[in-house]
Protein chains: 2
Amino acid sequence: MTKGKQSTLKAFFEPRSVAVFGSMREPQGEGLTVIRNMLNFGFAGSIYPISRSAIQASGLKAYPAVSNVKGLIDLAIVVTPPPTVLSIIDECGRKGIKAAIVATEGFAETGPDGVRLQRQLVETARRYGMRLLGPNTLGVLSTDYGLVTAPYSMDHNKPLSGGISYCSQTGFLTFGVHPIKDIGYPISKICDFGNKCDVNELDILPYLADDPTTKVICMHLEDVKDGQRFIEVARQAVARKPVLILKPGRSEAGARAASSHTGSLAGDDQVYENAFKQAGVIRLKTWREFWDIPKALTLQPLPKGNRIAIVTATGGAGVMLSDAAAEFNLVPATFSAATRSQLGRLSPRLGNNPVDVGPMMSVRESPFSVYEDVVPAILSDPNVDCLTAVCHLGPPIVKVFTGLAPTISRISKPVTILGYGINLSEMQESVRQMEALGLPTYLDLETAVKALEVGAAYSRIRARLAEDAR
Amino acid sequence: MTKGKQSTLKAFFEPRSVAVFGSMREPQGEGLTVIRNMLNFGFAGSIYPISRSAIQASGLKAYPAVSNVKGLIDLAIVVTPPPTVLSIIDECGRKGIKAAIVATEGFAETGPDGVRLQRQLVETARRYGMRLLGPNTLGVLSTDYGLVTAPYSMDHNKPLSGGISYCSQTGFLTFGVHPIKDIGYPISKICDFGNKCDVNELDILPYLADDPTTKVICMHLEDVKDGQRFIEVARQAVARKPVLILKPGRSEAGARAASSHTGSLAGDDQVYENAFKQAGVIRLKTWREFWDIPKALTLQPLPKGNRIAIVTATGGAGVMLSDAAAEFNLVPATFSAATRSQLGRLSPRLGNNPVDVGPMMSVRESPFSVYEDVVPAILSDPNVDCLTAVCHLGPPIVKVFTGLAPTISRISKPVTILGYGINLSEMQESVRQMEALGLPTYLDLETAVKALEVGAAYSRIRARLAEDAR
């Protein structure tokens, strides 16, 4: 990874100016949609609509060709029909643009003709030292820059700004197919690799490892372009931030499907498994993990060990969480004598882990105040590395944790919440409020502890890498 | 299981008259709450509030003692403080009541004194031939009878009437801690075993197997009272309906937690695993499976084999679903020549499984009409046993499947939907609408295929049991 390459990557996520190529005619014109999205997201740089026919687009002056633009352009976004793309890339090269996103479909994914056209695209871009993302991509999203390049309306889906950056080799795991705004998913950067003709994981990993707003890197990959190089690059990223990868194609059927989807030659899954291990990459197994695990890593500190405490308003959940914790290599914390006697003073039935606060709640005037007594006491115990609290979601618990959040933050051990309730929209509102307090909140039981295990695993990996580096 | 016992069980779920013991004083009085819930749910039988002080409760005449009631009483619901329960059970016994739900907490779960009190309760009930559910239980819910016995307000949570019946040994998996109404979970009966002092899985299984509205039986058990008897009883139920059981305590930590939660002596997990296998019970592993799998079994027919077709608007989802299918022992269907040529006429790029309809959608005026052409063609293929369709949720897809539903139903092979979108509340509304059409719809990728696998597994089990019976 040369310095030059890395600064080019910056142009994809932090451009000061963009040229947009795509239909500006009817309201649904794809070029117009890209521009409208960026204006809605608050893009602060210059936007240059390029159109032979339009004089203006969304109130911005349009230019017949990119050569008519006087200023420098960092990034080109291309959403024109396949036969026009090659000459546009050439035009951009002559203008000195060093980064282009080709959203257009109809290249290598369609057959031999598309493969040829895609190869010509890459050759043209190389001649000008230009980097290409795509083709067949939704492009990028960068919350802090108000940048979004998807050629369909993003009106409803401007996400929360936060520490998760993620890349994907399928639109299915990027910004158009998941309610990232409604679930309050805290995002720094998103990148859809599309056909991955040029920019790939080898470029993105160092860029995101350097990026100060990215706290955790999450990737979906159907293949890896250069295994040996990947291990080196990923290892360097892992030394700085957790890198989580969902790599399908574990099964023969999955590998075959991947091959017909992106032309990936997936190869033996064991090879990937070994490469990820060597690099210190944490492999995710399910779609739910992809969406749910990263938020715990960005919102909470890492656990120093794998001893978990469970505080629950319902004994049954404690049992199931204990099973899940064991499956994920977490061990139940044995409380210190001091903690046991402190809990014992609250109720003679407390002291064991899981801590079932249900009976105490049913005799208190303010049932939820139990958490105020129990959570800080347990979290401070030197025998406890992390904690999952099972809570009935709603305004009372949000109020209690609003008070507890500074204490939890001071103790600096990770906490996850498993939430339950009977009113779905009220539950979802509570999840957003709890996460605004920095407390990752799950409606899925097993994930609440799995998220802590991934943190513990990353702590071990980082220690190992530091050891290796000495 | 004697006939007599079974008809007593009927009194718990289908009572014609109930007596309610519990505070009728302030609006939050637990007895009053039970009565209000039942009136809200539309209970059609007689309700007799029993109170020494109140003259009426929620507009109903109250009685100082159950002996003052002239008519027959099928079921007593008791939510009074622990010291009062024993004499109430005695009073009910003398009145000839054959079924009582003791919601009250403070028995065996609290220590030796509670154990003693609970034993006396059982002895008293036995003397009168009365069956007891609980103590420490939320009791039962029976949608078709408007029966609900939880002593807290159920205003928001009257569930949809449907084919799932489920029992649990924790309140966490019963009706007060999951948004069963909001998610449109189709319920026939619910039962919380509580401390399981008398009525247990051995009673419920035959009752639910006989119950005409129950299509699938789903249970959470922390222990099984009589292993040998359980295998016989469960096997008889399995011969008629799928029985799914979530049994925590797989790990040592989980088993220890279960023991302190319900006093369950969980025993070696392998013993349970073997018993479930012998009985043909399908073991669920996660909380999500408990809630998500049964709806596919109640809404859709069983697959005759394990050959799955995947139709997807996004190639990336097809790859991940292929992996999940392989993990769950489903094999990708190889389409017949006729199907392949039919698909080929729609687009030269179709014909493989997963069927990626994304590219076709982007060139059609009504993109979603693709499903109308593709789904019936594939589902009719004799080489296909079941199908998962990946769809962008919203009014257009609901419209398409409203048209397709009769065809899917006629072909009589199970279909699940994996839904995605960017607007969470619109997605959840679509889920409810699709399920009202009989199409189980998931927002969780892996579960959409796991649900089909459970159906295929049950088909195999039923065939094996029929074989054994010959």
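## Around Ser188 of chain A

Start with A:Ser188 and look past its neighbours within four places in sequence. In this predicted model, A:Ser188 is in contact with A:Leu141, A:Ser142, A:Thr143, A:Gly162, A:Ile164, A:Ser165, A:Asp211, A:Thr213 and A:Thr214. Two of those names come back when you look at polar contacts. The side chain of A:Ser188 makes a polar contact of 2.8 Å with the side chain of A:Thr213, and another polar contact, at 3.4 Å, joins the side chains of A:Ser188 and A:Asp211.

You'll find A:Ser188 in strand 11 of chain A, which covers residues 186-192. Is this serine buried or exposed? Its relative accessible area is 1%, so A:Ser188 counts as buried, the cut-off for that being under 20%.

## Strand 1 of chain A

Now hop over to strand 1 of chain A, residues 17-22, where six of the six residues are buried. In a regular strand, side chains alternate between the two faces of the sheet. Here both faces are covered: A:Ser17, A:Ala19 and A:Phe21 are buried on one side, while A:Val18, A:Val20 and A:Gly22 are buried on the other.

Which strand does strand 1 of chain A pair with? It goes with strand 2 of chain A (residues 46-50), in the parallel sense and over five bridges. To see one spot along this pairing, find A:Ala19, which stands opposite A:Tyr48 in strand 2.

## Ile101 and strand 6 of chain B

Over in chain B, have a look at B:Ile101, which sits in strand 6 (residues 99-102). B:Ile101 counts as buried because its relative accessibility is 1%. Leaving aside neighbours within four places in sequence, its contacts are B:Phe12, B:Leu75, B:Ala76, B:Ile77, B:Val78, B:Leu133, B:Thr137, B:Gly139, B:Val140 and B:Thr149. For a sense of distance, take B:Glu365, 264 residues away along the chain: the C-alpha atoms of B:Ile101 and B:Glu365 are separated by 59 Å.

Strand 6 of chain B has both of its faces covered, with B:Ala99 and B:Ile101 buried on one side and B:Ala100 and B:Val102 buried on the other. This strand pairs with strand 5 of chain B (residues 75-79) in the parallel sense, over three bridges. One of the residues involved is B:Val102, the bridge partner of B:Val78.

## Where the two chains meet

How many residues of each chain are in contact with the other? For chain A it's 62, and for chain B it's also 62. Together the chains bury about 4,600 Å² between them, with 62% of that on carbon and sulfur atoms. Three residues, A:Phe172, A:Asp323 and A:Ile422, supply 15% of the area that chain A buries against chain B, more than any other three residues.

There are four salt bridges between chain A and chain B. One of the bridges links B:Arg288 to A:Asp444, with the closest N and O atoms 2.7 Å apart. On chain A's side, the elements giving two or more residues are helix 7 (252-262), helix 9 (287-299), helix 10 (315-327), strand 19 (415-420), helix 15 (424-436) and helix 16 (445-469). Helix 10 of chain A provides the largest share, ten residues. Sorted by class, the side of chain A that touches chain B has 26 nonpolar, 22 polar and 14 charged residues.

How values were computed
Residues numbered from 1 in each chain as written. Chains lettered and ligands numbered in written order. Predicted model: local features only at pLDDT ≥ 70, side-chain atom pairs only at ≥ 80, totals over all residues. Heavy atoms only, no water. Contact = heavy atoms within 4.5 Å. Buried area = accessible area lost by both parts, 1.4 Å probe. Salt bridge = Lys/Arg side-chain N within 4 Å of Asp/Glu carboxyl O. Helix = DSSP H or I, 4+ residues; strand = E, 2+ residues; numbered from the N terminus. Nonpolar A, V, L, I, M, F, W, Y, C, P; charged D, E, K, R; others polar. Buried < 20%, exposed > 50% of the residue type's maximum accessible area, 1.4 Å probe, protein only. Pairing = 2+ DSSP bridges. Polar contact = N/O pair within 3.5 Å; in protein donor to acceptor, adjacent residues only side chain to side chain.
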